[in-house]
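Visitor: Please take one part of this model and go through it closely. I would like to hear about the packing of the aromatic rings and what surrounds them.

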Amino acid sequence: MKNKFYNYIVQLQDTITAKLEEVDGTAVFKEDLWERPEGGGGRTRVIENGAVFEKGGVNISAVHGALPESMQKYFGVENADFFACGLSLVLHPKNPMVPTVHANWRYFEMYDQEGNIVDQWFGGGQDLTPYYLFDEDAKHFHTVCKNACDKHHPSFYAKYKERCDQYFWNTHRNEARGVGGLFYDYCKATDGMSMEDWYNFETEVGNSFLEAYIPIVERRKDLPYTEEQRTWQEIRRGRYVEFNLVHDKGTLFGLKTNGRIESILMSLPPQVQWRYDHHPEEGSEEERLIKVLTKPKEWV
């Protein structure tokens, strides 16, 4: 399974980066191959200063070795080895009318001292973070997510949409990071879902990403915007940074397992502002966004 899924994310990275370069039209991804001293490594691809994408990364990694002590405590095991691979992407567009997007698809195995698999699971999802809210964009993104889920189980969309709303919640701000999407983790074999079934679901969601996001980018990338709207985008990006550094499990896992710091922090936007006690103008589009982010909404 680990080889099968790793080969899938290698292909998916190629597909996604090729399409993003086509959409941007000017910038190309810079590639870095890196190795982790304890075992494994990855292929980081970053795009910067493009016509559409101010900064973005589409990274794959496959790491293995002894599970660090902090993670052993987290999983309640001793002397375990692990293998983890996945694709993680974040795109920060230049135009504030185009939403930031994040996605991740990952697979994890844990072994005993004889090398037998004692646990394995899939996890992942995709979510949208707009700065200016176009309802039809949120509906489109969620419709694609629902269609992918419905092919595998009628309960998946509602369940994983709710988990996304719960997970991407800035508790210290009491607001959502964005308008959500899908989030699922610890997807293990059961009587109703084999690991092969979970693989099929995971790849279905991964294959849906470009359909979910690219039409939104194409609709919004050439819209005019003001300097004030750009400032608002940078203020909201600050909330994105806060979530990733305070709450995000993937960031914390990477830091605790001696992951490559440049790859872990590629999710952070290049231009950010923190304004003291900032509140948008009453009745504005900015205020409308904030109101939506204070309570998860059903989009489809």
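Guide: Phe-5, Tyr-8, Tyr-107, Phe-122 and Tyr-199 are linked into a cluster by ring pairs. Rings of Phe, Tyr and Trp (for Trp, its six-membered ring) pair if their centres lie within 6.5 Å; planes under 30 degrees apart count as stacked, over 60 as edge-to-face and the rest as tilted. This is a predicted model, in which local features need pLDDT of at least 70 and side-chain atom pairs count only at pLDDT 80 or more, while totals for chains, interfaces and linings use all residues. Residues are numbered from 1 along each chain as its sequence is written, and side-chain values use heavy atoms, with hydrogens and water left out.

By the ring rule there are 24 aromatic pairs. One of them joins Tyr-167 and Phe-168, whose ring centres are 4.7 Å apart with planes at 90°, so this pair is edge-to-face. Tyr-167 and Phe-168 are both buried, where buried means under 20% relative accessible area, exposed over 50% and partly exposed in between (1.4 Å probe, protein chains only). Another pair, Phe-209 with Tyr-213, is stacked, at 5.9 Å centre to centre and 25° between the planes. These two residues are four apart in helix 5, which means that about one helical turn separates Phe-209 from Tyr-213. Helices (H or I, at least four residues) and strands (E, at least two) are DSSP runs, numbered from the N terminus. Both Phe-209 and Tyr-213 are buried.

Phe-209 and Tyr-213 also belong to the largest nonpolar core, which has 66 residues; together with Leu-89 and Trp-105 they are those with the most contacts inside it. Such a core is a set of buried Ala, Val, Leu, Ile, Met, Phe, Trp, Tyr and Cys residues joined through side-chain atoms within 4.5 Å. Helix 5 (residues 195-220) gives the largest share of this core, twelve residues. Apart from neighbours within four places in sequence, Tyr-213 is in contact (heavy atoms within 4.5 Å) with residues including Phe-53, Leu-91, Val-101 and Leu-128.

Seven strands make an open sheet in the order 1-2-3-4-5-6-9, with antiparallel pairing; two strands pair if DSSP finds at least two bridges between them. Strand 1 (30-35) and strand 9 (180-187) are the edge strands, each pairing on one side only. Strand 3 (residues 53-66) is joined to strand 4 by 13 antiparallel bridges, and His-64 has Phe-83 in strand 4 as its bridge partner. Between strand 5 and strand 6 there are twelve antiparallel bridges, with Thr-100 opposite Thr-129 in strand 6. Strand 6 is in turn joined antiparallel to strand 9 by six bridges, and Leu-128 faces Gly-180 in strand 9.

Two helices lie across this sheet's strands. Helix 1 (residues 2-24) lies across strand 2 (40-48), strand 3, strand 4, strand 5 and strand 6 (117-129), at about 170° to strand 3. Helix 4 (residues 156-167) lies across strand 6 and strand 9, at about 100° to strand 9. For these angles, axes are lines fitted to C-alpha atoms, for helices over the stretch in contact, and values run from 0 to 180 degrees between N-to-C directions.
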